[in-house]
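Thank you all for coming.

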Amino acid sequence: MAIDFTLSPEVEAVRDRVRAFIRDTVTPAVAGFTEEGGGASREEYLRTIFGLRAKAREAGLWLPHMPKEWGGMGLGHVELATVQAEAARTRLGPWILNCQAPDEGNMHTLLHWATDEQKEKYLRPLLDGRSSSCFAMTEPEVAGSDPTLIRTTAVPDGDEWVINGHKWFISGARRARFAILVARTEDQVPVGSVGATTAFLVDLPSEGWNDVREVATMHGSTGHSEIVITDLRVPDSQVLGGRGNGHRLGQYRLGPARLAHCMRWIAQAEQALDMMVDRSLKRYSHGSMLAEKQGIQWMVAESAIELYQCKLMVLHAAYKIDRGEDFRTEVSMAKHFVANSLNRIIDRSIQVHGALGYSTDTPLANMFQHARWARFADGADEIHLMRIAQRTIAAYSDTGSTSSATGGLPV
Ligand SMILES: Cc1cc2nc3c(=O)[nH]c(=O)nc-3n(C[C@H](O)[C@H](O)[C@H](O)COP(=O)(O)OP(=O)(O)OC[C@H]3O[C@@H](n4cnc5c(N)ncnc54)[C@H](O)[C@@H]3O)c2cc1C
């Protein structure tokens with residue numbers, strides 16, 4: 001059995017190039033830009049970030065998650081983990097490399113589910129950075145945790161579908177050129193069952209797609225729209241992945257996309273831990289530096305242990321995806337653990353920074369506001385726990401051992 005955590009020299013070189021590009025080119029260029037663009041004019045902000053995208057592309061640091069034949073870097077998921085973690089050291093990093101949510105998940109989805117014609121029309125411009133997209137599934141009236149409850153309907157009318165419904169928290173909807181929208185199409189399938197919904201490609205803007213507001217959140221109003229859909233018409237050729245496959249498509253999309261979130265969260269957690277240690281080495285109180293206090297050391301140590309676990313879990317889940325093995329339990333465990341660790345590590349870092357950590361003079365406050373959503377979006381903690389428990393119980397019932405439900409590792 002070979003257990004080898006070293007990267008091949010080629011992948012190590014790619015990771016180092018991404019690290020250097022983010023550190024030396026992206027970070028200084030975007031310093032001072034807030035989520036809305038900061039003090040810079042909108043024009044200056046856009047010129048800067050599109051200029052960075054062009055540089056990333058020239059440097060061959062573009063679409064790390066896509067196959068080479070589609071203009072990507074052709075990395076496997078394990079290799080991707082190293083690149084995503086480097087890219088996410090700065091907020092705009094993934095966007096500059098064109099591997100940001102929700103486009104990244106939508107690219108995977110289109111690659112797997114779209115027809116050749118749909119790929120040319122929707123995937124190609126997205127990969128070229130000429131387009132952007134959104135994914136419209138969640139509805140205010142029903143639990144997003146259970147997509148079999150979706151109420152938005154699509155009804156056939158000749159060779160068109162007529163869609164009516166209500167969506168919210170649709171990230172990036174205002175700048176998107178198209179949406180992947182999930183609606184109920186199969187009346188005979190009971191509510192609560194898989195097979196009732198279908199995904200559609202919707203060109204934006206479209207008559208009947210009404211973006212009524214960007215929902216203000218605890219991290220500001222940063223692009224999550226509420227959409228009222230009234231008699232929106234889409235041709236039958238816009239069905240994505242076949243009729244009745246909306247649920248399966250959503251689940252397929254979320255597997256690797258959840259792990260990509262974890263890869264980016266690891267970068268954030270590491271930044272918070274770096275800052276925690278840095279501050280503890282510089283702050284003096286009651287006769288010694290904070291780094292010498294046992295109470296502070298415990299926070300550092302617990303964070304380090306958790307971050308190590310996060311990295312191992314993400315690498316192992318990525319390894320299972322690369323090998324084509326069933327990765328659902330490992331991705332669920334990683335998503336749950338990394339999301340919660342991220343919140344705990346940022347919280348401890350704020351604690352060590354005291355008032356400074358609570359201020360907006362450091363990135364910690366903003367990181368904390370963003371991190372909170374990680375515990376319920378793309379599968380709430382409780383849903384992942386429920387699925388992990390179900391598979392653990394099933395493993396025991398089927399084999400007399402829970403071993404296969406704890407990573408299937410040879411220990
Ligand atoms: C910043 C952000 C961006 C988002 N972007 C998108 C997007 O682009 N597209 C999109 O479609 N959606 C998006 N969402 C929505 C997100 O996917 C949903 O919030 C998520 O699926 C949970 O659904 P819900 O909010 O309706 O919560 P609910 O399903 O109502 O769940 C609320 C809580 O109830 C509990 N719960 C639910 N079910 C169970 C259960 N079976 N057992 C035990 N407890 C349970 C959990 O604690 C859960 O947190 C986004 C959300 C946020 C915050």
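What follows is a short tour of the ligand shell, a pocket, a cavity and a few backbone details.

Please keep in mind that this is a predicted model, in which local features need pLDDT of at least 70 and side-chain atom pairs count only at pLDDT 80 or more, while totals for chains, interfaces and linings use all residues. Residues are numbered from 1 along each chain as its sequence is written, and side-chain values use heavy atoms, with hydrogens and water left out.

The chain has 12 helices and 10 strands, where helices (H or I, at least four residues) and strands (E, at least two) are DSSP runs numbered from the N terminus. Its radius of gyration is 22 Å, close to the 22 Å that the globule rule gives for 411 residues, so the chain is as compact as a globular protein of that length; the radius is taken over C-alpha atoms, and the rule is 2.2 Å times the number of residues to the power 0.38. Along the principal axes, the C-alpha atoms fill a box of roughly 80 × 65 × 45 Å.

Now to the ligand. Which residues come nearest to it? Of the 16 residues around the ligand, these are Phe135, Thr138, Gly144, Ser145 and Phe169, a residue being near if one of its heavy atoms lies within 4 Å. Among the polar contacts (pairs of N or O atoms within 3.5 Å), a polar side-chain atom of Thr138 lies 2.6 Å from a ligand nitrogen, a polar backbone atom of Gly144 is 2.8 Å from a ligand oxygen, and a polar side-chain atom of Ser145 lies 2.6 Å from an oxygen atom of the ligand. Taken alone, the ligand exposes 970 Å², of which the protein buries 67%, with areas from the Shrake-Rupley method and a 1.4 Å probe. Strand 3 (160-171) and helix 12 (381-399) are the elements that give two or more residues to this shell, and strand 3 supplies the largest share, 3 residues.

A volume is the space filled by probe spheres set on the points, which are joined across faces, edges and corners.

The second largest pocket has a volume of about 1300 Å³ and is lined by 41 residues, with Phe5, Lys311, Leu312, Leu315 and His316 nearest its centre. Helix 8 (294-322) is among the helices that each supply at least two lining residues, and with 11 residues helix 8 gives the most.

There is 1 cavity of 30 Å³ or more, and Thr138 and Gly144 are among the residues that line the largest cavity.

Finally, the backbone. Most residues other than glycine have a negative phi, and most peptide bonds are trans. Here, a cis bond joins Ala101 and Pro102, with omega about -5°, and Pro102 sits in the loop between helix 4 (93-96) and helix 5 (103-113). The bond from Leu204 to Pro205 is also cis, with omega near -5°. Leu63, in the loop between helix 2 (42-58) and helix 3, has a positive phi near 55°.

Note on methods:
Polar contact = N/O pair within 3.5 Å; in protein donor to acceptor, adjacent residues only side chain to side chain. 1 Å grid on protein atoms, 1.4 Å probe; cavity = no way out; pocket = protein on both sides within 12 Å on 5 of 7 lines; lining within 4 Å.
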